[in-house]
Amino acid sequence: MDSTASLELGVDRSSPVPLYFQLSQQLEAAIERGALTPGSLLGNEIELAARLGLSRPTVRQAIQSLVDKGLLVRRRGVGTQVVHSQVKRPLELSSLYDDLEAAGQRPATEVLANVLEPAPAQVAAALQIAEGAQVHRIERLRLTHGEPMAHLCNYLPTGLFDLDSGQLAATGLYRMMRAAGITLHSARQSIGARAATAEEGERLDEPPGAPLLTMQRTTFDDTGRAVEYGTHTYRPSRYSFEFQLLVRG
């Protein structure tokens with residue numbers, strides 16, 4: 001069944017933007033918002049080309065660009081299928097859970113750890129507490145469509161609010177913090193990349209040595225108190241950060 005049949009697709013021939021790119025952007029947007037779900041078929045290239053009044057090479061180029069991005073896969077005897085969408089996360093103070101919900105990704109969470117432990121030096125420095133002081137460590141695996149997307153490790157000072165594992169599995173950490181009356185004001189964040197260890201690869205369904213996106217974030221409330229320190233790893237095939245840059249001068 002052609003999943004694109006119900007989509008409103010079209011191209012602007014007067015635009016300087018190449019026709020294949022216009023089509024690929026529309027298909028990618030449909031994948032991101034869930035109109036084209038994982039496993040759905042795109043249908044015949046010839047039929048899609050005829051429907052849009054485009055040449056077959058133009059349609060093939062549009063589809064190939066999404067294959068190259070990992071959003072589509074060509075399967076012999078089956079056709080072109082949607083694999084998954086890549087969540088594009090804006091660099092703002094939001095939780096992964098909220099971003100996934102907004103992208104129509106149906107997030108799920110496995111709580112791997114919810115314990116009290118002495119704060120390591122890096123965590124203590126981020127939370128502005130004494131090294132060895134007790135902190136909550138929360139480890140979660142975030143999934144979409146049943147596939148792992150990110151491993152989240154968060155540290156919080158004790159006494160902020162009740163860190164119930166059932167709630168952590170059902171919703172986002174920032175939602176829980178806001179519901180507890182904590183006003184999240186700002187954050188200091190760094191983004192990087194590195195190779196996956198064997199343990200990380202097994203957890204995120206990637207081979208050892210595969211590239212992973214990393215993020216470290218310290219979040220502050222409206223009084224300037226550090227209320228959370230997180231160190232996260234993401235699958236780059238499923239996830240990216242978006243920047244908006246301002247040109248000065």
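I begin with strand E8, residues 211–221, which is mostly covered, with 9 of its 11 residues buried. Buried here means under 20% relative accessible area, exposed means over 50%, and partly exposed lies in between, with a 1.4 Å probe and protein chains only. Helices (H or I, at least four residues) and strands (E, at least two) are DSSP runs, numbered from the N terminus.

Before going further, the conventions. This is a predicted model, in which local features need pLDDT of at least 70 and side-chain atom pairs count only at pLDDT 80 or more, while totals for chains, interfaces and linings use all residues. Residues are numbered from 1 along each chain as its sequence is written, and side-chain values use heavy atoms, with hydrogens and water left out.

For the chain overall, the secondary structure comes to 8 helices and 10 strands. Of the 249 residues in the chain, 45% are buried. Contact means heavy atoms within 4.5 Å. Among the chain's contacts between residues at least 6 apart in sequence, 60% join residues at least 24 apart.

Let me return to E8 and its partners. Two strands pair if DSSP finds at least two bridges between them. Strand E7, residues 184–195, runs antiparallel to E8 and is joined to it by 11 bridges. In that pairing, Ala195 stands opposite Pro211 of E8. Strand E9, residues 226–234, is likewise antiparallel to E8, with 8 bridges between them. Here Thr218 has Tyr229 of E9 as its bridge partner. The hairpin of E8 and E9 has 4 residues between the strands, and Gly224 in this hairpin takes a positive phi near 90°.

How many strands form the open sheet, and in what order? There are 6, in the order E4-E5-E6-E9-E8-E7, with antiparallel pairing. Strand E4 (107–118) and E7 stand at the edges with a single partner strand each, so one side of each has no neighbour in the sheet. From one strand to the next, the twist averages 15°; axes are lines fitted to C-alpha atoms, for helices over the stretch in contact, and angles run from 0 to 180 degrees between N-to-C directions. Elsewhere in the sheet, E5 and strand E6 (residues 147–157) run antiparallel and are joined by 10 bridges. Within this pair, Glu139 is opposite Cys153 of E6.

Helix H8 covers residues 198–204 and includes Glu200. Is Glu200 buried or exposed? Glu200 counts as buried because its relative accessible area is 11%. The side chains of Glu200 and Arg194 are joined by a polar contact of 2.7 Å. A polar contact is a pair of N or O atoms within 3.5 Å; within protein, one must be able to donate a hydrogen and the other to accept it, and residues adjacent in sequence count only if both atoms are side-chain atoms. Leaving out residues up to four places away in sequence, Glu200 touches Arg194, Ala195, Leu212 and Thr233.

The loop between H8 and E8 contains Asp205. Asp205 is not a glycine, yet it has a positive phi of about 60°. With 55% relative accessibility, Asp205 is exposed. Gln128 lies in the loop between helix H5 (121–127) and strand E5 (134–144). Gln128 also has a positive phi of about 60° although it is not a glycine, and its relative accessible area of 55% makes it exposed.

Next, the helix packing. Two packed helices are described by the angle between their axes and the distance between the axes. The axes of helix H2 (residues 45–52) and helix H3 (residues 56–68) come within 9 Å and cross at roughly 115°. The contact involves Glu45, Ile46, Leu48 and Ala49 of H2, together with Arg56, Val59, Arg60 and Ile63 of H3. H2 and H3 are therefore roughly perpendicular to each other; angles under 35 degrees count as roughly parallel, over 145 as roughly antiparallel, 65 to 115 as roughly perpendicular and the rest as oblique.

Finally, Gly39 sits in the loop between helix H1 (19–32) and H2. At a relative accessible area of 38%, Gly39 is partly exposed. Gly39 and Val82 are 43 residues apart in sequence, and their C-alpha atoms are 5.2 Å apart in space. Apart from neighbours within four places in sequence, Gly39 is in contact with Gln81 and Val82. Thank you.
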